[in-house]
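Hi there,

Here is the structure I promised to pass on to you. Have a look at it first, and then read on for what turned up.

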Amino acid sequence: MTYLPALEKTDPQIRDLILAEEKRQWNVIRLIPSENYASKAVLEASGSVLTNIYSEGYPGKRYYEGQQYTDQIETLAIERVKKAFGVDHANVQPYSGSPANMAVYTAVLQPGDTIMGLALAQGGHLTHGWKVNFSGRQYHSAPYELDPKTERLNYDQIWKQAKEVKPKLIVAGYTAYPRIIEWNRFREICDDVGALFHADISHITGLILGGVHPSPFPMADTGITTSHKSLRGPRGAMMMCKAAHAAAIDKAIMPGLQGGPHNNTTAAIAVAFKEAESPAFKAYAAQIVKNAKALAERLNKHGFRLITGGTDNHLILFETFKSKGILGRDASRALDRAGIVANCNLVPFDTQTPMNPSGVRIGTPSVTSRGMKEPEMAKIGDWMNEVLTHATDEAVLARIAGEVKEFCSSFVCPGIDPLNWKE
Ligand SMILES: *Cc1c(COP(=O)(O)O)cnc(C)c1O
């Protein structure tokens, strides 16, 4: 039987593109640190008939009838999130991470209030106060920066700045920071200056649930996470908070910012949290960090300068321009042609432009989901070095792409079954 038969019949163009994407995900080494492979169970829930239902409101308090099952599903998701993080309250309705941050700010801030988040160019997210983002337009953004010497968070420096600017809220949690975040220091700073402590753990949720990164809860006043990064769930997000903010947070999402929740995503979030309770998930989280350390060590050995000198989490930010004379965009394009997918990235205090910065950002969640371990990381590091020292040699890139494809064929991808492709 043909794979994806209904799509084949209705829209063969889209069917072929999805199939091609499935094969791409199988055949390449995916190192983008915010990406992963969702399990078949997560994909089944998110591709289910729950997409047919409207459920504006919250379980037991809906505007529409027909919620016999969706109420149970959303309640399960909420209870699992609350238990996993040990928080008073959770809301699983945000459509994605950015709207989740928007909802938290809407709940606890007034337009014009001062917020402090890590500068975008140093690893903060757009929604942490970047000037062209809603967060920098509606609020007064006073971004903090990394320590120029250590390239790490300097809590005393952040504290000093917070005393000066008196923010209403401080955001901790990043998109390109390879080290452990000391949440207790943020709690201390926020208590001292009377600010709310907001934790955005989107990148590291899987590590936190797996017990290999400290949790900001129940310390943080509010928090958000996406569900599709190291957690390996569906495309979505959730908010967590102390009881004092529960009503405001719910109201900010509905009716403040959104209409009906995506019930298919809600169900898949519940599934992802169930999966995260398993011993296998703990082993996965631990292996992500071991893999990142192994890959970092290999790249370091090959002469790439690692930002902060290494990693404690799933992510590595490294310098290509000064290390090897190749700009980040040229580096990521060459890697992609060789079957290794990464993204170029600004490094702290970069002198180049965001479109072609000095470095590359990689992470190990996806390769770890495929069952790769330290020996495979060494091999990947060697390939990366070969690519980046022969970045304009198409023959080398094509040869490595072939080797990568062959190598990938012996590692399964959760959610993908190549037997489906046999006609
Ligand atoms: C990914 C991410 C977001 C935004 O998530 P989207 O789902 O892409 O909107 C927000 N904050 C951080 C720290 C992230 O890494």
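Leaving aside residues up to four places away in sequence, Met 355 touches Arg 329 and Cys 344. Please keep in mind that this is a predicted model. You will find Met 355 in the loop that runs between β14 (343–345) and β15 (359–363). Is Met 355 buried or exposed? Its relative accessible area is 60%, and exposed means over 50%, so Met 355 counts as exposed.

Next, a pair of helices. Helix α14 (residues 328–337) packs with helix α16 (residues 374–389) at an angle of about 120°, and their axes are 9 Å apart. The two helices are therefore oblique to each other, and α14 passes α16 in a right-handed crossing. Which residues meet there? From α14 come Ala 331, Ala 334 and Leu 335, and from α16 come Met 384, Val 387 and Leu 388. By type, the residues of this contact divide into six nonpolar, no polar and no charged.

Finally, the overall layout. The protein is divided into domain 1 (22–38 + 280–419) and domain 2 (53–275). The C-alpha centres of the two domains lie 28 Å apart. Their contact takes 32 residues from domain 1 and 29 residues from domain 2.

Enjoy exploring, and write back with any questions!

Best wishes

Conventions. Residues are numbered from 1 along each chain as its sequence is written. This is a predicted model: local features need pLDDT of at least 70, side-chain atom pairs count only at pLDDT 80 or more; totals for chains, interfaces and linings use all residues. Side-chain values use heavy atoms; hydrogens and water are left out. Helices (H or I, at least four residues) and strands (E, at least two) are DSSP runs, numbered from the N terminus. Buried means under 20% relative accessible area, exposed over 50%, partly exposed in between (1.4 Å probe, protein chains only). Contact means heavy atoms within 4.5 Å. Axes are lines fitted to C-alpha atoms, for helices over the stretch in contact, and angles run from 0 to 180 degrees between N-to-C directions. Angles under 35 degrees count as roughly parallel, over 145 as roughly antiparallel, 65 to 115 as roughly perpendicular and the rest as oblique. A crossing is left-handed if the near helix is turned anticlockwise from the far one by less than a right angle, and right-handed if clockwise. Ala, Val, Leu, Ile, Met, Phe, Trp, Tyr, Cys and Pro count as nonpolar, Asp, Glu, Lys and Arg as charged, and the others, Gly among them, as polar. Domain bounds come from an automatic or database domain assignment.
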